[in-house]
Amino acid sequence: MTVQKPVSVEPNLPSPKDFVGSEASSEMTSSEIESAKINLSLLKVATFLNGSKSVAAEEVDSCLTQVEEWLCSKSKDLDMNGPKISQLVSETAVPLRRHEASAPTWRSFHDLYLIMESLKALSLITSIASKKTTKAAKLPKDRIQRLADSTRQVYESLRANARALKSAISEPGVLGSLVDLVVGGSDDGEDGTQLRAELDKTFDTAAVEMFCGELMESWEEGLDGLLRVSL
């Protein structure tokens, strides 16, 4: 985008209603809806920086405010000061029985990767904006710097969460706890004990352990993927 000339054809940008309508909650996760909205704001900022007149400076200011609020929200969600895991991870991960570790679920990866995707886009935009020399499409330097700093802070918090999860699932005893969770579920009551007793008679223990081991490997691969992303 930095090497492009100002656009000669004005783009027809979508509105939030175009992809986040009344039926969105039945077709998209809440994280996807949030991501779509913030990415639209980023698209408008990028379009403005590219010289388009379809986005007014006032609208860009509103978009940047939305991005700042999103970064503040993600910073709180990913904060690990005090607890071993952040609020976001605690709400999406599954605690393992007889073990302090939490296992990431598809929602954990889903939410973390969506955040990382927006952070990558935002990092690119702030980098371009800081180098812009055209006054017509220039943004306040101090505001861009604050956005860049906040983006980096949220990025590092996300990586800290990924490292904490990876460390937790690598601890001794996690495989056994995961096998217990698969066989007996999370119910510690009488029904859970009875279910486990019946399943113990049915399941091939070696096969369950192999399945759980492969599942843990997939978690590590997913977390490694997050840690490989750079801004």
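Residues are numbered from 1 along each chain as its sequence is written, and side-chain values use heavy atoms, leaving out hydrogens and water. In this predicted model, local features need pLDDT of at least 70 and side-chain atom pairs count only at pLDDT 80 or more, while totals for chains, interfaces and linings use all residues.

Trainee: What pattern does the protein follow along the sequence?

Mentor: The secondary structure comes to ten helices and two strands. Helices (H or I, at least four residues) and strands (E, at least two) are DSSP runs, numbered from the N terminus. Read along the sequence, the pattern is α-α-α-α-α-β-β-α-α-α-α-α.

Trainee: What share of contacts between residues at least 6 apart in sequence joins residues at least 24 apart?

Mentor: Contact means heavy atoms within 4.5 Å. Among contacts between residues at least 6 apart, the share joining residues at least 24 apart is 73%.

Trainee: How are α3 and α6 oriented to each other, parallel or antiparallel?

Mentor: The axes of α3 (residues 30-49) and α6 (residues 106-131) come within 10 Å and cross at roughly 10°. Axes are lines fitted to C-alpha atoms, for helices over the stretch in contact, with angles from 0 to 180 degrees between N-to-C directions. Angles under 35 degrees count as roughly parallel, over 145 as roughly antiparallel, 65 to 115 as roughly perpendicular and the rest as oblique. The two helices are therefore roughly parallel.

Trainee: How many nonpolar residues are in the contact of α3 with α6?

Mentor: Residues making the contact include Ile38, Leu42 and Val45 of α3, and Leu114, Leu122 and Ile125 of α6. Ala, Val, Leu, Ile, Met, Phe, Trp, Tyr, Cys and Pro count as nonpolar, Asp, Glu, Lys and Arg as charged, and the others, Gly among them, as polar. By class there are five polar residues, three charged and, for nonpolar, ten.

Trainee: Is Ser86 buried or exposed?

Mentor: Ser86 sits in the loop between α4 and α5. Ser86 touches Asp77, Leu78, Asp79, Met80 and Asn161, not counting residues up to four places away in sequence. Buried means under 20% relative accessible area, exposed over 50%, partly exposed in between (1.4 Å probe, protein chains only). At 1% relative accessibility, Ser86 is buried.

Trainee: What is the relative accessible area of Thr126?

Mentor: Thr126 lies in α6. Thr126 touches Ile144, Leu147 and Ala148, leaving aside residues up to four places away in sequence. Thr126 is buried, with a relative accessible area of 5%.

Trainee: How far apart in space are Leu43 and Ile125?

Mentor: Leu43 is in α3. Leu43 is partly exposed, at 37% relative accessible area. In sequence, Leu43 and Ile125 are 82 residues apart; in space, C-alpha to C-alpha, the distance is 9.3 Å.

Trainee: What length does α10 reach from its first C-alpha to its last?

Mentor: Helix α10 (residues 205-228) has 24 residues. The expected span is 1.5 Å times one less than the number of residues. That expected value is 34 Å, and the helix comes close to it, reaching 35 Å.
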